[in-house]
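Keep the model open beside them and look up each place as you read.

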Amino acid sequence: MDTQGSSIAQRSLNRLYFDHQDMDYYFSWIAGREIYEGSDRDECFRAAENIKDGDPASWQSAWIALARSVEAQAQQLLNTGEREQARKAYLRACTYYRAPLFIMSAKDPRFLDLCQKMRACFQTAAGLFDPPVETIAVPFQGKTLAGYFWKVDDSGEKRPTLIVIGGVETFAEDCYFITGQTGPQRGYNVLTVDLPGQGVNPEQGLHFGAKMEIPVGAVIDYCAGRHEIDAERLAIYGFSWGGHIACKAARYLPQLRAMIANPAMPDVFRATLAQQSGHDRRDPVTRTAFDQIVWRFGLKISFNLRDIAARFAKAYDYLVHGKINPAGIPIPALCMAGEGEAGITLQIARDMYAKLPHPQKKLVIFTAEEGGAAHCQVDNLALPNRVMFDWLDEVFTAS
């Protein structure tokens, strides 16, 4: 099977190890976490040697074996009092338990167990930071959205704060590795949660919908109760599908003072449907990843009339509520993308930038020469962080 044409969407032009585009992108994301202590390249490439290109089963087994090994190392280090090394090992174990979930159906009996192991490793590591990364729960519709808050220090001083929103396939733990400790090091608190559809929230009946600004509003309400957060310097950063959520939030939530979208996605139909031709749904990696995405939207792919009606209802919801006019975003905005993404993605970013009304707007297309051409710059995570925190400094200094 030609694996090069089977990817869910174009996310990179470069090959790191695998010929299968989706598998190689996920591998790039895993290896790229090394910069924030979330992986070790030698460990990653040794795991890759045990993976058959395009085969979900071998992908899953290789990462699970590595995760168990590194978790055991982490526990031993913690038992001997080597807290810093234990923290680093637990962060890597978190990533390696996360890795099989990229290409695993939520119906797999191992799925929730691996999610729990991933979260447990991260939370153990979180407690070993100084100050600790705090586990939080945001109330939402009688339930809670799990997440994390990592602050600058314990002084209690009000700080500018960045809310980080992930994509369709992401967990709150992933959002940590997107920014690492860059925020606190630059004087910013950072907060992230699993919104409906993300993490394991579908298990509590919370799925993706077109009005994702509503749960973001709950996150902002939570921020209002934190004395460390300066309400006048509150920004949102959305990556991947989170770029769309950030656009919606910036349009409808006046508490936000700045928005960053990577990539900018004001209209999800234009952004996603344009990339779906020519992809082989029979490909096992694509099919497995797609099955999980369907679960996250609360849908089922079947010929059952009820399931068909639910899919049409979801599509109609996004058709009506899944887009905004960038001209209606009243706050400073930074639009980012990698040149290795699909042409339609880059065009949308440019179109949105042109329509944004606020004078403090910026468009950045990262290049292969910079080492950040991939989707969300998983090939160089430090690059967008430097750009966006430099930009936030300018915005909040001028305000």
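1. Let's start with helix α9, residues 242–252, which is mostly covered: nine of its eleven residues are buried. Buried here means under 20% relative accessible area, while exposed means over 50% and partly exposed lies in between, using a 1.4 Å probe and protein chains only. The buried residues of α9 are G242, G243, H244, I245, A246, C247, K248, A249 and A250. Helices (H or I, at least four residues) and strands (E, at least two) are DSSP runs, numbered from the N terminus.

2. A word on what you are looking at: this is a predicted model, in which local features need pLDDT of at least 70 and side-chain atom pairs count only at pLDDT 80 or more, while totals for chains, interfaces and linings use all residues. Residues are numbered from 1 along each chain as its sequence is written, and side-chain values use heavy atoms, with hydrogens and water left out.

3. Next, a pair of helices. Two packed helices are described by the angle between their axes and the distance between the axes. For α4 (residues 83–102) and α6 (residues 172–179), the axes come within 11 Å and cross at roughly 125°. That makes α4 oblique to α6. Axes are lines fitted to C-alpha atoms, for helices over the stretch in contact, and the angles run from 0 to 180 degrees between N-to-C directions. Angles under 35 degrees count as roughly parallel, over 145 as roughly antiparallel, 65 to 115 as roughly perpendicular and the rest as oblique.

4. Which residues of α4 and α6 make the contact? On the α4 side they are L91, C94, T95 and R98, and on the α6 side E173, D174 and F177. Contact means heavy atoms within 4.5 Å. Sorted by class, the contact of α4 with α6 has three nonpolar, one polar and three charged residues. Here Ala, Val, Leu, Ile, Met, Phe, Trp, Tyr, Cys and Pro count as nonpolar, Asp, Glu, Lys and Arg as charged, and the others, Gly among them, as polar.

5. Stay in helix α4 for a moment and find R92. Is R92 buried or exposed? R92 is buried, with a relative accessible area of 15%. Leaving aside neighbours within four places in sequence, R92 is in contact with E37, G38, S39, D40, E43, V70 and Q73.

6. Now move to N189, in strand β4 (residues 189–193). N189 is buried, at 1% relative accessible area. A polar atom of the N189 side chain lies 3.1 Å from the backbone nitrogen of V152, and the side chain also makes a polar contact of 3.3 Å with the side chain of T161. A polar contact is a pair of N or O atoms within 3.5 Å; within protein, one must be able to donate a hydrogen and the other to accept it, and residues adjacent in sequence count only if both atoms are side-chain atoms. Beyond four places in sequence, the contacts of N189 include F149, W150, R159, P160, E228 and I229.

7. Y222 belongs to helix α8 (residues 213–224) and is buried, with a relative accessible area of 18%. Its side chain is joined to that of R226 by a polar contact of 2.8 Å. Apart from neighbours within four places in sequence, Y222 is in contact with E134, I136, A137, V138 and L191.

8. In the loop between β4 and α8 you will find G199, which counts as buried at 0% relative accessibility. G199 and G166 are 33 residues apart in sequence, and their C-alpha atoms are 9.9 Å apart in space. Setting aside neighbours within four places, G199 is in contact with T170, F171, D194, W295 and R296.

9. Finally, some backbone details to check. The peptide bond from D130 to P131 is cis, with omega near -5°, and P131 lies in the loop between α5 (111–126) and β1 (134–140). The bond from N262 to P263 is cis too, with omega near 0°. S240, not a glycine, has a positive phi of about 55°; this residue sits in the loop between β5 (229–239) and α9 and is partly exposed, at 21% relative accessible area. C376 has a positive phi near 60° and counts as buried at 4% relative accessibility.
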